[in-house]
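User: I am new to this structure and would like to learn how its features are read. Could you guide me through some of them?

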Amino acid sequence: MIVSAPTNPDIIIVGAGSSGLSAARKLKEIGISYLILEASDRIGGRAYTENSTLGQPVDHGCSWISGSNDNIFSDLGKKNNFTLVDHSEPTVEMFGKDGVKFTQDKIAEYNKSEIKIKEILRNTGRQGIDIPASMVIPDVPYNECFQNWEGALNYAVDINQISTAEYWHLKDSQPSFIVKEGLGNLVGTLNNNFPIALNTSVLEIDLSGKGVKVVTSKGSIMAKACICTVSVGVLKSEKIKFTPNLCNKVRRAIDDIQMGLLIKIPLLFDGIRLGFAENSLVQYDITKENIGSECYFLAWPTGHDYIVGFIGGQFAWNLSKLGEEEIVEYALSKLEILSGDKIRKHFLKGFATDWANNPFTKGSYSAIKPGCFGAREVLSEPMAEKLIFAGEATAGNKAGLVNGAYESGKMAATRIASIVKPKN
């Protein structure tokens, strides 16, 4: 317990990630009592920075302040003296299948193809057509690279699992910042002496009585209402029992939202830069057969001595079963093709994030299944005037983003507060 907890809170918040902390912030402002229940031993959820493994801050989860001109964490970072590095137009270092670096003309051709593909995807969604993005990818140069990057490494699901309707609906991620001290650490500054019970798993949310009874690993708590911010992965696992059962409409919405996976592989070196520019995106040309299974990189983010590899989608789920050592070796072998075998003598150590096996997330972030647009809106509606879901999966056009989670928590708190304590 971080601070003394109220014994009979008006509202119980399940989860101390960006959404739960935002909800607490809003309820505190309104003047409604609350208690946050967090299953893990820390706050932040999927916004998690740690320093111990590499001796430098590494974001295991979200890393970018996306849409930074309209993002709470831009202002919060500046207010708390975090170092925000503009990453709106990063250098792209592109390599051919033979490992030879692209000329600027080839990179320009790649960029032109990317713009054309994005226009087609958005136009399809704008017309109300909700189909797999893979069905409308044009035959343009380097479209395979785009499919790998935009699918597995951006949406955390394969390109054939991206909804064209959602693609059009989602907010543009630019401009953006990366945070030298870690975005997870920045999210942690939301906590303003909130009453938080750590290491407290929620087993059941019972709406059958007058109020809400939340059964936890440490006993039961009564409240007037509950804001549940757990991931879609946790909801799908049915680790939390709902009494009575969630209605068919809500259960269908949960089924219509996928839990994607993005594995980050930070690789620490001895200070050598391997020819890559700081904060650059390192990519390479691939074949059609390898779409979704390749590893791209972010080099030396904000001057740190590590390169971050990324794998995602179904390939990441499959590789996660082999263990961390296999994942690190996979990323290192891909980097070796681009920079030569000399990297081995400069490599110190690496690790792989493990959201796949994390019982508190069961994945990284959400994506709508093709043909299921509208599920996020259904999931965000209050139920029985006692329960409301929040988190990045309910964040509308900011879904999948830490600021989306923040906004959804704030909105959920406002809506449930108006029910619990209506204005006269």
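User: Does Leu 198 count as buried or exposed, and at what relative accessibility?

Analyst: This is a predicted model, in which local features need pLDDT of at least 70, side-chain atom pairs count only at pLDDT 80 or more, and totals for chains, interfaces and linings use all residues. Residues are numbered from 1 along each chain as its sequence is written, and side-chain values use heavy atoms, with hydrogens and water left out. Buried means under 20% relative accessible area, exposed over 50%, and partly exposed in between (1.4 Å probe, protein chains only). Leu 198 counts as buried because its relative accessibility is 17%.

User: Where is Leu 198 placed?

Analyst: Helices (H or I, at least four residues) and strands (E, at least two) are DSSP runs, numbered from the N terminus. Leu 198 is in the loop between strand E9 (196-197) and strand E10 (202-206). Its C-alpha atom is separated by 6.7 Å from that of Arg 42, although the two are 156 residues apart along the chain.

User: Which residues is Asn 403 in contact with, leaving aside its neighbours within four places in sequence?

Analyst: Contact means heavy atoms within 4.5 Å. With those neighbours left aside, Asn 403 is in contact with Ser 66, Asp 70, Asn 71, Phe 73 and Lys 398. Asn 403 lies in helix H13 (residues 402-420) and counts as buried, at 3% relative accessibility.

User: With which side chain does the side chain of Asn 403 make a polar contact?

Analyst: A polar contact is a pair of N or O atoms within 3.5 Å; within protein, one must be able to donate a hydrogen and the other to accept it, and residues adjacent in sequence count only if both atoms are side-chain atoms. The partner is the side chain of Asn 71, at 3.4 Å.

User: How many residues does helix H1 have, and what should they span?

Analyst: The expected span of a helix is 1.5 Å times one less than its number of residues. Helix H1 (residues 18-30) has 13 residues and should therefore span 18 Å, which agrees with the 18 Å between its end C-alpha atoms. Among the buried residues of H1 are Ser 18, Leu 21 and Leu 27. Just after H1, Gly 31 takes a positive phi of about 100°.
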